[in-house]
Amino acid sequence: MPPKNNASSSFSISMLLRAFVILSILSLTLFFFTSLNHSDSFVSSLSQMNAHQSTAGFINVYVTDLPRSLNYGLLDKYWAFDADSRLGSDADRDIRSNNLAQGRKFPPYPENPLIKQYSAEYWITGDLMTPREQRTRSFARRVFDVKEADVIFVPFFATLSAEMQLGMAKGQFRKKVGNEDYQRQKEVIEFLKNTEAWKRSGGRDHVFVLTDPVAMWHVKDEIAPAILLVVDFGGWYRLDSKSSNCSLPDAVPHTQVSLIKDVIVPYTHLLPRLHLSENQERHNLLYFKGAKQRHRGGLVREKLWDLLVDEPGVIMEEGFPNATGKEQSIRGMRTTEFCLHPAGDTPTSCRLFDAIQSLCIPVIVSDNIELPFEGMVDYSEFSVFVVVNEALRPSWLVDHLKKFSREQKESFRRNMARVQPIFDYDNGHPDGIGPIPLDGAVNHIWRKVHQKLPIFREAIVRERRKPPGVSVPRRCHCT
């Protein structure tokens, strides 16, 4: 009997040990599989990080040390003018007369609407100039060693430079002699081409803000490989399908601009935001305020004007939002269901973003339009897109808009209210220096640039491995 008991005890202990080992294995296996996704994700993230340790949480930005005369010094010069000869601006006159811009390290940007609509350059630069401890909301992390940078930002106020030239001597703008804007463009290019960063990448990782379609007009070919922040492609050279080897007419050559490498950014809106809770009954069907006659693709605007001007419930006003026109635009957009957005000299304008801030449903009549932050924003959730040929049929557009139910229009406005902050540059600081809105335009721009990183890195590597003397022309991008 005693040996039996010993055998039984040994058997029990052995079984317990086996059970413990099996349970341990099962526990480890369960732990492994439940954490597998996290592990794979971590390994994947590591494999995607470049030598600069860039992650999806931020983008490393190095700011080129351009002379102050090419950015904030241009503002000093602007505020030293008596006035802008093309369009009076009460706000700018007040700033000048009260010397509010004198002696400031970071002067204010013009309130003149012709210039203010292009002020992205000011707000993007201002964020990067803000002290590090205040930049906790910024997707762009400023670095001071170019070797740590994902991209190199060029702080040239190209739009302000162009607009100042147009204001002083418009007749010289397309010329080089006597053109101060051209001299500034040339200075920027010569400065950049002498840097190791430009030589290393051929400018492909450099970022330029070119919100005015004519900004840096004289050196477009030289900066074509770079990442260009533009409002649309309408101001760039166009070739026909035969000369560009593309199957589509009016193809935009990839030698200059492309959705692959460049980023479409919003105009600066000129009208204040209307919150959804402030929205009131809208009594008019369709509203438009702007110039009747335009060039190139904007010829459709004049045809639409003639079709719509006498339609009941439609308001067509000619003018620009200066002090008087601004109040008219606010009243018109806030009391109307739909706001017309036809092409002008270029496919888009700040009018679209004024409509969004006014909760006036955009009616986009522009077949070739490019829009900011697509992929992040679905414009079909709050805008009506209309083919040009259909819009030009008598009574078609008015009849089409009348078919939208009250529920559909309310849904459009709810969706619009949700995206209003995305199109706002202003950080609430008059000199542009300070914390930016987490969900504002500046951060969305840098997120779009971040999406381009693998594309231009590949281009840089491909360029490096070419034998000396080999040149491969850039191919067009037709979509």
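1. Contact here means heavy atoms within 4.5 Å. By that criterion Leu 66 touches Asn 71, Val 154, Pro 155, Phe 156, Val 188 and Phe 191, with residues up to four places away in sequence not counted.

2. A word on the source. This is a predicted model: local features need pLDDT of at least 70, side-chain atom pairs count only at pLDDT 80 or more, and totals for chains, interfaces and linings use all residues. Residues are numbered from 1 along each chain as its sequence is written, and side-chain values use heavy atoms, leaving out hydrogens and water.

3. Leu 66 lies in the loop between strand 1 (59-63) and helix 3 (72-80). Helices (H or I, at least four residues) and strands (E, at least two) are DSSP runs, numbered from the N terminus. Leu 66 counts as buried because its relative accessibility is 7%; buried means under 20% relative accessible area, exposed over 50%, partly exposed in between (1.4 Å probe, protein chains only).

4. Leu 66 and Val 154 are 88 residues apart along the chain. Their C-alpha atoms are separated by 7.7 Å.

5. Six strands form an open sheet in the order 2-1-3-4-5-6, with parallel pairing. Strand 2 (140-143) and strand 6 (263-264) are at the edges with a single partner strand each, so one side of each has no neighbour in the sheet. Two strands pair if DSSP finds at least two bridges between them.

6. Strand 3 (residues 151-153) and strand 4 (residues 206-209) pair in the parallel sense over two bridges. Ile 152 has His 206 in strand 4 as its bridge partner.

7. Helix 6 (residues 120-129) is mostly covered, with nine of its 10 residues buried. Among them are Tyr 122, Trp 123, Ile 124 and Leu 128, and also Glu 121 and Asp 127.
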